Amino acid sequence: MTTNKRIVLSSDHAAIPLRQTIAKHIEAKGWEVVDIGPTTPESTHYPKHGQAAAERVASGDCERGIILCGTGQGIMMAANKVKGIRCGVCSDTFSAAMIRQHNNANMLSIGARVVGEGLALEIVDAYLDAEFEGGRHATRVDMIEEA
């Protein structure tokens, strides 16, 4: 992995510790991390964090994004409202690889209250290491983008 790849990370208050662990893990893999999430435990609103991260990806500022909240669901829904974003919430490594291989997902969402730290890092690795297969999948991704 080259060091010029940028990835944005954000979360709500429920996922700060896991987000920070993931940031260190990704940096060790050679990614430049742009962490825009909160740093204090006061309650915050996941939609604004999902949207902010998605805008960084949609603009091209960051190649990919990883977002977290308690379940991963709400922040993923907020991110997917930004045009050009394909974000999936994953609680297993198979799904994390498949959202890249078949859906060309440019963002990954994780539920900090759903998976433990070890599994979360494995999910991140599966997502980052997978490559889009193109072919028939590209036609389907194009259909998603046109919707």
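Biologist: At what distance does a polar contact join the side chains of H137 and E133?
Modeller: The model is predicted: local features need pLDDT of at least 70 and side-chain atom pairs count only at pLDDT 80 or more, while totals for chains, interfaces and linings use all residues. Residues are numbered from 1 along each chain as its sequence is written, and side-chain values use heavy atoms, with hydrogens and water left out. A polar contact is a pair of N or O atoms within 3.5 Å; within protein, one must be able to donate a hydrogen and the other to accept it, and residues adjacent in sequence count only if both atoms are side-chain atoms. For the side chains of H137 and E133, the distance is 3.4 Å.

Biologist: Is H137 buried or exposed?
Modeller: H137 lies in helix α6, residues 136–146; helices (H or I, at least four residues) and strands (E, at least two) are DSSP runs, numbered from the N terminus. Buried means under 20% relative accessible area, exposed over 50%, and partly exposed in between (1.4 Å probe, protein chains only). Because its relative accessibility is 4%, H137 is classed as buried.

Biologist: Which residues is H137 in contact with, leaving aside its neighbours within four places in sequence?
Modeller: Contact means heavy atoms within 4.5 Å. With those neighbours set aside, the partners of H137 are Q101, H102 and F132.

Biologist: How far apart are the end C-alpha atoms of helix α5?
Modeller: The expected span of a helix is 1.5 Å times one less than its number of residues. Helix α5 has 13 residues (117–129), so it should span 18 Å. The distance between its end C-alpha atoms agrees, at 18 Å.

Biologist: Which residue lies over the face of Y127?
Modeller: A charge sits over a ring if NZ of Lys or CZ of Arg is within 6 Å of the ring centre and within 35 degrees of the ring normal. Y127 is among the buried residues of α5. At 5.1 Å from its ring centre lies R64.
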